[in-house]
Amino acid sequence: YAIGDCPYELDETWTKATGRFQLVISDRLQDDALEPNNEVAQARHLEPGEYELRMRDSADYFAVSLNGYARFRAWAEPLQPSLGLEIRILDVGGTVIAVSAPESSGRVSIARALPPGEFVVSVERVEGYGEYVLGLDDSANAGDVDGDGVVGAHDVISVLQEFGSHCEDP
């Protein structure tokens, strides 16, 4: 039997020798190769790309390195309709920089102009358990932080605004 969306399975077996039921709880959702990664300190380093992973805990954490200014994107697509996710970009101390926006398909995504450095991406379970695809992309032109394909004034203003300047975008 499955217990709702719980990643465990029950197997009831009548044991004639004792005249009782034996209840066995087994794990039906195995760890992925990147476990354990359930807290910022356990974040596993990932390169840009797509990864098929399993959500069994409350969150998975992944470390990413940016060599230059970039428009960093991350997305997660649940492979089970009952799995609800949220993505966060954190600094290495665990402070939240940005939170994802849900899409109608159940996919969540986030895009943010980031300076060079180390960051952590957390994929958090909102509901359910199961498999998901995580995508990471920092391949945009490092100077094109607004993603329009051109390095220009808008990009410089975006970077300045990230560092607290109150300049206006023309």
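**Contacts, core and sheet**

Analyst: In this predicted model, Val123 touches Met55, Ser58, Ala59, Asp60, Phe62, Ala76, Leu85, Glu86, Ile87, Tyr132 and Leu134, once residues up to four places away in sequence are set aside.

User: Which side chain makes a polar contact with the side chain of Asp60?

Analyst: Asp60 lies in strand 5, which spans residues 59–66, and Asp60 is buried without a salt bridge. The nearest side chain of opposite charge belongs to Arg56, 8.3 Å away, and a salt bridge requires a distance within 4 Å. The side chain of Asp60 does make a polar contact, at 2.8 Å, and the partner is the side chain of Tyr132.

User: Which element gives the largest share of the largest nonpolar core?

Analyst: This core has 25 residues, of which Phe72, Val123 and Tyr132 touch the most other members. The elements giving two or more residues to the core include strand 5, strand 6 (70–78), strand 11 (117–127) and strand 12 (130–137). The largest share amounts to four residues, and the element that supplies these is strand 6.

User: In the open sheet of five strands, which strands stand at the edges?

Analyst: The order of the open sheet is 3-5-11-7-8, with mixed pairing. Strand 7 (residues 84–91) pairs with strand 8 in the antiparallel sense over three bridges, and Arg88 has Val99 in strand 8 as its bridge partner. An edge strand has a single partner strand, so one of its sides is left without a neighbour in the sheet, and the strands in that position are strand 3 (44–45) and strand 8 (96–99).

Technical notes. Residues numbered from 1 in each chain as written. Predicted model: local features only at pLDDT ≥ 70, side-chain atom pairs only at ≥ 80, totals over all residues. Heavy atoms only, no water. Buried < 20%, exposed > 50% of the residue type's maximum accessible area, 1.4 Å probe, protein only. Lys, Arg positive; Asp, Glu negative; His and termini not counted. Polar contact = N/O pair within 3.5 Å; in protein donor to acceptor, adjacent residues only side chain to side chain. Pairing = 2+ DSSP bridges. Core = buried A, V, L, I, M, F, W, Y, C linked by side-chain atoms within 4.5 Å. Contact = heavy atoms within 4.5 Å.
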